[in-house]
Amino acid sequence: MADSPPSLSTASKPPLPFDITTPTRHSNPGRPIYSDRFIPSRSGSNFALFDLSTPSPSSSSSSPSTATREDGSSGTYSALLRTVLFGPDCGVVSPSTPEKPFSGSDGRWSPLTPPSRNIFRFKTESRRPHLSISPVGLDWALPGVVSTPPKAPRKVPRSPYKVLDAPALQDDFYLNLVDWSPNNVLAVGLGNCVYLWNACSSKVTKLCDLGVDDTVCSVGWAQRGTYLAVGTNLGKVEIWDASRCRKIRTTEGHRLRVGALAWSSSLLSSGSRDKTILQRDIRAQEDFVSKLTGHKSEVCGLKWSYDNRELASGGNDNKLFVWNQHSTQPVLKYCEHTAAVKAIAWSPHLHGLLASGGGTADRCIRFWNTTTNSHLSCMDTGSQVCNLVWSKNVNELVSTHGYSQNQIIIWRYPTMSKLATLTGHTYRVLYLAISPDGQTIVTGAGDETLRFWNVFPSPKFQNTDSEIGASSLGRTQIR
């Protein structure tokens with residue numbers, strides 16, 4: 001006789017993977033329940049209880065190749081995610097930990113030793129440094145990620161890599177006789193002549209000779225092209241095409257020597273001992289298009305801002321003026337210096353940031369915000385400030401000095417901490433220019449030498465040797 005089918009009341013139910021009607025642990029009814037909020041310290045938590053790295057059961061039914069690929073990628077991701085969220089100490093605890101034993105190699109807890117129930121606990125967390133360069137903002141060691149060690153402080157060579165003899169280089173604070181072109185050619189005024197030194201080939205070319213009745217007082221390269229302006233002791237300004245060694249034109253207008261020059265595209269500004277600044281458009285037939293008046297003594301410093309909107313001028317009247325493109329009177333006047341202002345430099349990193357340096361009686365470097373018309377800070381250098389130039393690669397600047405130490409100082413801005421102090425010149429370091437790649441500076445002094453220093457890093461912060469002058473490291477003569 002066939003068996004009768006079992007009734008529904010006696011049929012056995014298939015077991016569920018997680019039967020919520022049968023809890024594995026029973027809570028104590030008499031235990032008080034605290035409802036206050038608490039914030040756990042995850043760095044001291046036992047997250048191995050959750051077995052985060054164990055693959056799901058469904059992965060065992062997949063093919064071996066698929067399981068291996070998914071298991072590897074999910075394991076790496078889980079480890080990375082766990083470290084990012086909970087810190088480097090939250091990983092699965094090794095079997096050697098006495099208070100958290102394991103059984104077997106599958107990473108599961110031993111049934112003989114119940115795990116600690118203090119899953120989250122309060123703990124004073126240690127502060128971790130916030131100097132991360134990783135995408136997730138952490139400096140901790142991550143699985144499969146190579147951490148970058150902190151960079152050592154940059155070292156600046158204390159000796160020049162090249163020295164050029166420059167006979168008849170004048171020891172005159174108010175002149176500007178050295179300039180470096182965008183095409184890597186150095187122009188130097190020696191006596192009544194101008195010489196060109198090609199930094200790539202070390203070739204020396206005599207550009208011009210003013211004759212026995214005149215001397216060179218300033219040189220200045222145009223921002224683009226090969227034009228060089230030469231200011232003379234007789235108040236003339238000559239424009240030369242250096243690529244052809246040919247004079248383009250001679251302009252007049254000053255009554256006394258021209259000791260400062262500055263280019264703004266096709267506009268050339270010249271400052272003179274006659275206390276005036278002339279604006280010359282080399283495309284126009286006139287010698288000058290406007291005259292700027294305001295200084296009460298010789299104009300010895302001129303610099304256009306990087307956006308060519310503002311012109312800064314310094315004079316022997318201890319004044320620093322700022323002019324715009326169309327003004328004939330200064331729009332900003334700074335009178336805090338107590339000596340002649342020859343050293344002027346605009347920051348290439350921050351619009352409107354201007355640095356200026358004073359002479360022997362002042363010895364200070366001052367910083368100005370021309371946008372807000374404010375004095376930012378002042379640094380007493382202890383000696384006459386002859387020149388200033390900013391690095392375009394890093395937020396640093398270099399100053400050269402005269403009485404009484406004749407030193408060259410590399411400064412970090414805005415802290416104005418000294419990165420390096422360079423010595424070697426025996427006279428005041430009156431002349432300064434920077435190479436077009438922004439790594440090398442050249443300094444000139446009354447000791448009739450030009451010295452080349454590698455002081456700034458490359459634009460990509462790579463420790464690569466500059467090609468400028470690298471082929472010859474001795475002492476040569478510029479003429």
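Modeller: Before we discuss linings: Asp, Glu, Lys and Arg count as charged, Ala, Val, Leu, Ile, Met, Phe, Trp, Tyr, Cys and Pro as nonpolar, and the others, Gly among them, as polar. Please note also that this is a predicted model.

Biologist: Which residues are they?

Modeller: The largest cavity is lined by I239, R249, T251, L268, R280, D281, I282, E286 and D287. Strands β9 (246-251) and β12 (277-281) each contribute at least two residues to that lining.

Biologist: What is its volume, and how many cavities of 30 Å³ or more are there?

Modeller: The volume of the largest cavity is about 30 Å³. Searching the whole structure gives one cavity of 30 Å³ or more.

Biologist: Turning to the largest pocket, how much space lies in it?

Modeller: The largest pocket holds about 1,200 Å³ of space. It is lined by 44 residues, and D179, W180, K303, Y306 and I434 are the closest to its centre.

Biologist: Which elements give two or more residues to that lining?

Modeller: They are β2 (178-180), β6 (216-221), β10 (258-264), β14 (299-304), β18 (341-346), β22 (385-390) and β26 (429-434).

Biologist: And what is the split by class there?

Modeller: The pocket lining has 29 nonpolar, 11 polar and four charged residues.

Biologist: What is the chain like over residues 422-455?

Modeller: That stretch is 56% strand and 0% helix, with its end C-alpha atoms 10 Å apart.

Definitions and conventions: Residues numbered from 1 in each chain as written. Predicted model: local features only at pLDDT ≥ 70, side-chain atom pairs only at ≥ 80, totals over all residues. Heavy atoms only, no water. 1 Å grid on protein atoms, 1.4 Å probe; cavity = no way out; pocket = protein on both sides within 12 Å on 5 of 7 lines; lining within 4 Å. Points joined across faces, edges and corners; volume = space filled by probe spheres on them. Helix = DSSP H or I, 4+ residues; strand = E, 2+ residues; numbered from the N terminus.
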